[in-house]
Protein chains: 2
Amino acid sequence: MNKKNCMVAQSGGPTAAINASLAGVISAAVSSGTYDTVYGSQNGILGILNGNYLNLTHMVKEDPCSLFVLRHSPAMYLGSCRYKLPDYADADDVYRDIFREFEAMDISAFFYIGGNDSMDTVLKLSEYAQRIQSPIRILGIPKTIDNDLCATDHTPGFGSAAKYIAASLLEIAHDTYIYHVKSVTIVEIMGRDAGWLTAASALARNSYSAAPHLIYLPEVPFSTDQFLADVSRELESKDNIIIAVSEGIRDEQGHYISSSNSQSDNFGHAKLNGAGKTLEYLISEHFDIKVRSIELNVLQRCAEHLASETDLKEAFASGEKAVTLALEGISASMVIMRRISDAPYTIVYEAAPIQGIANEAKTVPQNWINDAGNDVTAEMTAYLLPLILGEPEIPFKDGLPVYLDINHLIR
Amino acid sequence: MNKKNCMVAQSGGPTAAINASLAGVISAAVSSGTYDTVYGSQNGILGILNGNYLNLTHMVKEDPCSLFVLRHSPAMYLGSCRYKLPDYADADDVYRDIFREFEAMDISAFFYIGGNDSMDTVLKLSEYAQRIQSPIRILGIPKTIDNDLCATDHTPGFGSAAKYIAASLLEIAHDTYIYHVKSVTIVEIMGRDAGWLTAASALARNSYSAAPHLIYLPEVPFSTDQFLADVSRELESKDNIIIAVSEGIRDEQGHYISSSNSQSDNFGHAKLNGAGKTLEYLISEHFDIKVRSIELNVLQRCAEHLASETDLKEAFASGEKAVTLALEGISASMVIMRRISDAPYTIVYEAAPIQGIANEAKTVPQNWINDAGNDVTAEMTAYLLPLILGEPEIPFKDGLPVYLDINHLIR
């Protein structure tokens, strides 16, 4: 029997777990004995268009340890892209190029690890494959810190970001409580359209600290009057208020709060402030107290040293599941996780049709947000808690975590 | 023999190691058998003026595990203050109050854990004690992420911050290299007047990544023309440039590159706002490429989960040493670390007179900065490396690190 090859690529923004999914694909594909070679396309779908591949079977055979290190390496070993495939009705030459390349490389399955935009690519390739009656299996593996993909209980990458956010919030609380002066600390968290990550800040609460005291998600229209009233009320009973706010909060008219305020710096440049900075200035204007804003920035998606072991395990298993699905003849689908039990927390891996997932977004349900629109409910924290559990065994050398060499990405 | 008591307090900004020094003081004081009670003054010297104490001997007896947890708890268990003692020639009533309280509480030794400003307090109390011929031992224990205290090889708290900065820089590098587009990423690092922390970013370099590609310390006058030339040259040979910059960079005239907003705190320090953001806008104006700035913010001083075990060990030992010194009759001194060997890295703990330390600052020597003023030398990284080694065993519960309950600080 003539063996075939398979190909995997990564797309969209980095997470702490996307390389764990890649490791899962490689591990399952190599150990299945079904594929001669697992190719990695560099920079997403662009690698196929540019003929830019890594031989991942070779990588594993050269260094059996590489899969172990890859599983806990941040960002994307294969690089990423933000390339959106054109509609094949408009321009099918790109599709012809891609499938000609698949044929030339004897590819029988293509795995794409990514978020909403990447699932659009999976959908389009799947439809084109069906149109030309290609036998190539096209499978999506979910990845996004935003947790906004439909059909799946949650997305790989989210749990690690949630753990980083909750732990950082707790540490910021310890940092904040030391001064016996009134203060407001605002922590700006990623998630332009979905508040899952900002909600995860609630996991920082414990027996001694109620921080964050206020939580604002993009799912609730943001009112500056209500916000100032909330802060004023909290300051009556507390010295130090800590607020978690999504970068994507918008007013009733749908305008981002982040762009409504501007200052200029030493060079006379107009500054476009983030949501956190904007609220910092707003509070400075209305209260004579110490105020600080903190933007967690890209570290919330790449701080692998604080990854969730549950997340890495699920990301790896999602990659393995995609290979199993391909071998079963499934295509035009994405791997999903279904939570079949809360106690004990139990997940099963299944496939869902890629239609209905691509270009859709799952936001926080209104009944998981409190009536005042400034906090989340106990249902939300119960949903979130299992996702941040466990700490991976990450080796350190010279005081720093050891990650897989990405020299091939550096130009 | 009538036993006496001792008192300990913390002051200044938080670090990941200041509670390890507190644990060292308590451990040595309790096990010496010399003191009836170890009191903790809350919010630095203010606790003495307000009669606000914790009984730390009681804490240890109630929960023997508390010292273990305290050693790796971030920020300051006793709370902090930014209170500057007046000159006793101007107003000695504060001093009379403090020493009357010491006498009332039968205090024979006072330990103050802090940075430059706190050592000013140690100096003034020491001079006053000498003036009134008080037998009370006054001892400083160094603490600052800035590493700018004189007489000591380095300061407890610095190593953990340096480790956090280097690890974050490495993770940001992984995050940055994934896109095959030209980009500049600026990481703003704390250190108003001394570049030690910014220099620590150089430890992120490894066999595959040269990031940060440019490093700007406050010790070198910052030229925007030279900066733009540096960036332009780097972009010729590389796609993704990562730059580490101190919050305190100033031009030839000594003006901060950051915002013109020049508020100052109780000690006359200018409040800084956004060197990284300012450079981000400068690059946007001159290059048509993707640019981002990241402010590591307070996490670099409170991210205990990534503390350096070497740092925690040395902080604890510094606390123990202060108690030993007090028992030997030493006063008006600060504990210092002297590096007696590089290979193997070996530190001894000694005492140095508090004069010559208080109100002095140790900046980065010019010969540890390269000639172009945009990087550090190999001597610098050799000095820094031992300080970030080792990872503490921090217990996790519900996915988050377990720290000591600071309910007494929360109002």
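Is A:Asp153 buried or exposed? At 17% relative accessible area, A:Asp153 is buried (buried is under 20%, exposed over 50%, partly exposed in between, with a 1.4 Å probe and protein chains only).

This is a predicted model, where local features need pLDDT of at least 70, side-chain atom pairs count only at pLDDT 80 or more, and totals for chains, interfaces and linings use all residues. Residues are numbered from 1 along each chain as its sequence is written, chains are lettered from A and ligands numbered from 1 in the order in which they are written, and side-chain values use heavy atoms, leaving out hydrogens and water.

**View 1. A:Asp153 pairs with A:Arg339.** Their salt bridge (a Lys or Arg side-chain nitrogen within 4 Å of an Asp or Glu carboxyl oxygen) has an N to O distance of 3.1 Å. A:Asp153 sits in the loop between β5 (137-142) and α7 (158-176), and A:Arg339 in strand β12 (residues 333-342), 186 residues apart; helices (H or I, at least four residues) and strands (E, at least two) are DSSP runs, numbered from the N terminus. A:Arg339 is buried too, at 16%.

**View 2. B:Glu350 meets B:Arg338.** Here the closest N and O atoms are 2.7 Å apart. B:Glu350 is partly exposed at 26%, and B:Arg338 is partly exposed at 41%.

**View 3. B:Arg339 bridges to B:Asp342.** The closest N and O atoms lie 3.4 Å apart. B:Arg339 is buried at 17%, whereas B:Asp342 is exposed at 57%.
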